[in-house]
Amino acid sequence: MRYHTLLLFGLSALLLASCESSGFIGRGTRITSVRTTAYTHGESDHIIYGAKTAVGTQLKYGNVRSAAADWSVYPVGTIFQIEGLPYVYQVDDYGSALVGTNTIDLYKPDKATMNAWGVRNVNIRVIKWGSFSKSLSIMKERTGYEHIRRMVARIERSS
C-alpha cells in the first residue's frame, strides 16, 4: 500500500510540475487538492508544547507561517504557498494525527481563526522541498513515540 501511495504521489508531482505557474511566488511543484486542517497552540493536545514547533522555534504567523506535516511526505524545511493566498508556509512542525494522512496542518494564532479555517482542500505550490536528512536528525532522539518511528521508517525505506 505504501509503495502504491508513494508511486501515485510521485507521478502526480511529476505531471503537475509541468503546469504553469498561477500567481505563485516563483516556480515549483504544484500539488492539487491537498487536504489542510488548522491547529493552534491553545488546543489541549498542544498546550504542553506551548507556542514552540518541533524544531524548537516559535510558531510563526506572519508573512511566513508555520505548518505541521508528516515529515516523510513533506520534510522539515519545505516551503510552500497556497493558491490564492499571499502567505508562505514553512513545515517546521509535525503531529501524530498527520502521519500517513497526506494532510498539512496550518498554524493559526487562536481557536476562532483555527475553527474558521476548518478543513479545506487547496492547491499548493512547493517552492522549496525540505530535507529528509534534517528531518531524520531531529527525530532520531524522539523514536520513543510511535508516530515518530513511523515517519523515520518511511524515510529510511525510501532512501
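Which residue in β5 does threonine 36 stand opposite? In this predicted model, local features need pLDDT of at least 70 and side-chain atom pairs count only at pLDDT 80 or more, whereas totals for chains, interfaces and linings use all residues. Residues are numbered from 1 along each chain as its sequence is written, and side-chain values use heavy atoms, with hydrogens and water left out.

Threonine 36 belongs to strand β1, where helices (H or I, at least four residues) and strands (E, at least two) are DSSP runs numbered from the N terminus. Its opposite residue in β5 is isoleucine 104, and in β6 its bridge partner is arginine 120. Strands are taken to pair if DSSP finds at least two bridges between them; β1 (residues 29-39) is joined in parallel to β5 (residues 103-107) by five bridges and antiparallel to β6 (residues 120-128) by six.

Eight of the eleven residues of β1 are buried, so this strand is largely enclosed by the rest of the structure; buried denotes under 20% relative accessible area, exposed over 50%, and partly exposed in between, with a 1.4 Å probe and protein chains only. Threonine 36 counts as buried because its relative accessibility is 0%. Its contacts (heavy atoms within 4.5 Å), not counting residues up to four places away in sequence, include Ile104, Trp117, Arg120 and Val122.
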